[in-house]
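Please look over the sequence and the model before reading on.

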2 protein chains.
Amino acid sequence: MATLTEVAKRAGVSIATVSKVLSNTPYFTEETRQKVMQAVEELGYVPNLAARALSSGKTFIIAVVFPYVYDTISSDPLMQHILVGIETECSERGYNLLLSTPRLTAEGPDENYQRLIRSGYLEGIVALDNVPISSVLPITRQFNVPAVSIGYGEHDVYIRSDDYGGGHSVMEHIIALGHRYIGIVTVPCELHLSVQQRLQGMTDCAGNAGVEVTAQVDGDFSIRSGAKMMAHLLEAHPELTAVVCINDRMAFGAIQEAHRRGMRVPDDITVCGYDDIPLSALIAPPLTTVSQHAPELGQTATEMLFAMLDGKIPDPVLMPTELMVRQSSAPPASII
Amino acid sequence: MATLTEVAKRAGVSIATVSKVLSNTPYFTEETRQKVMQAVEELGYVPNLAARALSSGKTFIIAVVFPYVYDTISSDPLMQHILVGIETECSERGYNLLLSTPRLTAEGPDENYQRLIRSGYLEGIVALDNVPISSVLPITRQFNVPAVSIGYGEHDVYIRSDDYGGGHSVMEHIIALGHRYIGIVTVPCELHLSVQQRLQGMTDCAGNAGVEVTAQVDGDFSIRSGAKMMAHLLEAHPELTAVVCINDRMAFGAIQEAHRRGMRVPDDITVCGYDDIPLSALIAPPLTTVSQHAPELGQTATEMLFAMLDGKIPDPVLMPTELMVRQSSAPPASII
DNA sequence: AAACAATAGTTAAGCGTTTAACTATATTAA
DNA sequence: TTAATATAGTTAAACGCTTAACTATTGTTT
């Protein structure tokens, strides 16, 4: 691979001049520029990133950190969409994207990750941070790696989906439809900070409307657990007319279980989800759910990171959610 | 961040000695080792990757290249699973994973990608290569970047899922059940090399059994198109008793469309898919499909790449597929 | 015409490693 | 006892780039 020295030789100038031309630092003539560019062209010169990184500190790498806890990339479709947003923004700026999925335990993230942070390879980080037991972010502060948090962990620069508002809006929708016997399928709330918010929004909304949530059970995000929890709910509380799940996958399971029992959705029971993964619009019946605008979440987080790299201190962002009313929700039969 | 020089100073030795100790190059005493390690410990020294990369050429970065054509990461669940396999293998070896999603046109991959390949940043590449119009691999050959192809593009080191065998096995299953009026939902075959194989397997199998495929229509991988093509098929060929889709998402759409028309699956019509994405086992009815073992595909590809980095030349691999018989397939009603 | 400023380019130091070549000491063989 | 060898450590060059400090040239101002 061609180096600066070769380009300089061919163009008949010094390597400093070549470097100046390439980085557009003032003080060279158009003629020099031409000579240099021609040499670059002819040799197919591409700067060596490692050398550039060492010399200037700019690596053009940012890392996406998706901690690996119970779930993550493999199973959560949301990650993909956040990733797409981040990728879009990075590739536009010529940055490369490093994917890090540290194993997270109560003692903190794994060795590999810690070394990576301290290796000087990363210009910045976008990290998912919603796990209460432990966080990937403290170490970034310690070693001054710019980082943006997507989530409710403690960190100064963050973007959060308005989970409280989102939870509030589904519940509001359900209560407005006339439902009074409502079940919630969630996950153990010590697992996930944003789910805590979602849940709080739901129960606050119900409380304010003078409605008491009939029952609340814990699944584990999976379709299967959604079905199982739906079964529990329906057996213990046959009076239920609506069930809200804190993610779409569990809502899929819930609908399946309802169908399995010969119930019609939404005629016999309303089911709502949360996340608005693409499949949600396409199942039968199409699912009423809350969109987090995941790609925008990733994209904005990345914009914030680039702002930090420019020396700015971006304000925290609360991304509004959007209630997607589809056909899985309807007034309770008793009203019609 | 601490550098070698600081460690050397603290341990009272030269930087070369520190480097030797850390890389376990012979000729130092246990005592020296202790002194060095203690200094490393106390200063929290972590080698600067950029410097190491420049000096030794080892960057500890491998890139996963998922070209962005029509579809990709955002929508294809398979990618995720391949990615998981790659990630597992990389993190085990302390390698970092760079995610590259070049825009691919007939003129080849985009500028960013080409620069990345030539930047010296990458020790190797695992690339999805199934698009006939263009490939991300020729440039890796040109610049001697070790690369493993997952797919049917022309490349010497590759791993392929046995699409032909997989296609053959679903068709065999359907014919064995007694179906004689069979429809296929595929995609325009100039889009995807592995789909061509899948299809060939299916038609060869049917041909050998003396069964003629009744109809074949083109969707676009999406659930929606699956439903639409199912509608076409059922209207044009009411005699059909089985429909095979070349991916699971279209099969979901097909099942939905069948349900929408009041048909029962598999009682009135058999529907099979391909890919075995996790959802497939959980929909109603659970889908008969073909598993590609995507994570293993990614993992083996990565093992092959590491073998190349060790100077070996791995043999091409054909990964066997597995027919997953579930409840969406049954003998045609005429037989029962 | 002298003094100064702006422009164009060069030289050389430095980024933090790895590693080949070297020196110094201890050990073994003859 | 000497030479050869193995061991332990050091010195310094190299990787390819950026950039501060410098020199040389040209243009402008007084």
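In this predicted model, a polar backbone atom of A:Thr29 lies 2.9 Å from a phosphate oxygen of DNA strand C, a polar contact being a pair of N or O atoms within 3.5 Å. The table sets out this contact beside two others.

| Residue | Atom of the residue | Atom of DNA strand C | Distance |
|---|---|---|---|
| A:Thr29 | polar backbone atom | phosphate oxygen | 2.9 Å |
| A:Ser14 | side-chain N or O atom | phosphate oxygen | 2.8 Å |
| B:Ser55 | side-chain N or O atom | sugar or linking oxygen | 2.6 Å |

Elements that give two or more residues to the surface near DNA strand C are helix 2 (15-23) and helix 4 (49-56) of chain A, together with helix 2 (15-23) and helix 4 (49-56) of chain B; helices are DSSP runs of H or I with at least four residues, strands are runs of E with at least two, and both are numbered from the N terminus. Helix 4 of chain B gives the largest share of this surface, 4 residues.

DNA strand C is surrounded by 24 residues, and among the closest are A:Thr17, A:Thr32 and B:Leu4, where near means that a heavy atom of the residue lies within 4 Å. Of the atoms of DNA strand C that come within 4 Å of the protein, sugar and phosphate account for 58%.

Residues are numbered from 1 along each chain as its sequence is written, while chains are lettered from A and ligands numbered from 1 in written order. Local features need pLDDT of at least 70, side-chain atom pairs count only at pLDDT 80 or more, and totals for chains, interfaces and linings use all residues, while side-chain values use heavy atoms, with hydrogens and water left out.

Methods. Polar contact = N/O pair within 3.5 Å; in protein donor to acceptor, adjacent residues only side chain to side chain.
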